[in-house]
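Trainee: Could we go through this one together, starting with the charged pairs and then moving on to how the helices pack?

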Amino acid sequence: MTRHSATELAARARREIADATTQNRFIDLLESGDMPRERLVWLAGEEYRIVSSDRRSFALLAARFPEGPSGELFLGLAQGECKALKLLGDFAAALGESDENLSAYEPKPFAQVYPAYLAQRAAFGTASEVALAMLANLEEWGGYCARTAKALRTHYGFGEADVGFFTFFAESPPGFVEQALEVIASGLASGDDPEEAVRAAHLLHTYETAFWDALAEGLS
């Protein structure tokens, strides 16, 4: 498989995910200023678990696939999660929540299926599966983070530093797209199944949707 084929596969996965995307009630309520403050604590608590898990997952992937573009990609993502965890602390502090409170927060099961699936793929999947899943879902996730940051500043009185966690994820890491495509192309050239990679992208999207739905559960 060539780099062109990897690009085409990524474009296909993006199209199919876009077609499957539904309304995000959590973001809609946030942008209208109707989100209860308690749910912002949920957001911080769930993300604390997710980022901590994803950091380990990316570190595991870097250890499983240390050579070439895969090692660089996954190590960079693990380092990014380290930075994100620190920025999340600023958001939690603005909510009046300590690190101890985040650790004690009881996570909602369906909000945690995303990191659980990523951990599964980190242990048993291929580098191309994970790279495609992350790449195909990046634009939607980044858009949600950008909207969250803006809504928190506009309606809830948060400052720029308070929402740094969300602005950090609003843009893709420098060079990420190129690295991810190289990893996908390399995996496909080695015999990875492209359909399995697309399936991983779909599942990751479904589980991200479950995350947002869990945060909005019970809200009208």
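Trainee: How many salt bridges does a search of the whole structure find?
Mentor: Keep in mind that this is a predicted model. Searching the whole structure, the count of salt bridges comes to seven.

Trainee: Take arginine 12 and glutamate 195: how many residues apart are they?
Mentor: Their side chains meet in a salt bridge, with N to O at 2.9 Å. Arginine 12 sits in helix H1 and glutamate 195 in helix H10, so this pair links distant parts of the chain. The separation is 183 residues.

Trainee: Is arginine 147 buried, partly exposed or exposed?
Mentor: Buried needs under 20% relative accessible area and exposed needs over 50%. Arginine 147 comes in at 30%, so the label is partly exposed.

Trainee: Which helix holds aspartate 28 and which holds arginine 147?
Mentor: The two side chains form a salt bridge at 3.3 Å, N to O. The pair ties together parts that are 119 residues apart in sequence, because aspartate 28 is in helix H2 and arginine 147 is in helix H7.

Trainee: And what is the N to O distance between arginine 147 and glutamate 31?
Mentor: Here arginine 147 of helix H7 reaches glutamate 31 of helix H2, 116 residues apart. Glutamate 31 is partly exposed, at 31% relative accessible area. The N to O distance in this salt bridge is 2.8 Å.

Trainee: On to packing: is H2 parallel, perpendicular or oblique to H10?
Mentor: The axes of H2 (residues 25–32) and H10 (residues 194–216) come within 7 Å and cross at roughly 50°. Roughly parallel would need an angle under 35 degrees, and roughly perpendicular 65 to 115. That makes H2 oblique to H10.

Trainee: Which residues of H10 make that contact?
Mentor: By class, the contact has five nonpolar, no polar and one charged residues. H2 brings Arg25, Phe26 and Ile27, while the H10 side is Trp212, Leu215 and Ala216.

Conventions
Residues are numbered from 1 along each chain as its sequence is written. This is a predicted model: local features need pLDDT of at least 70, side-chain atom pairs count only at pLDDT 80 or more; totals for chains, interfaces and linings use all residues. Side-chain values use heavy atoms; hydrogens and water are left out. Axes are lines fitted to C-alpha atoms, for helices over the stretch in contact, and angles run from 0 to 180 degrees between N-to-C directions. Helices (H or I, at least four residues) and strands (E, at least two) are DSSP runs, numbered from the N terminus. Angles under 35 degrees count as roughly parallel, over 145 as roughly antiparallel, 65 to 115 as roughly perpendicular and the rest as oblique. Contact means heavy atoms within 4.5 Å. Ala, Val, Leu, Ile, Met, Phe, Trp, Tyr, Cys and Pro count as nonpolar, Asp, Glu, Lys and Arg as charged, and the others, Gly among them, as polar. A salt bridge is a side-chain nitrogen of Lys or Arg within 4 Å of a carboxyl oxygen of Asp or Glu. Buried means under 20% relative accessible area, exposed over 50%, partly exposed in between (1.4 Å probe, protein chains only).
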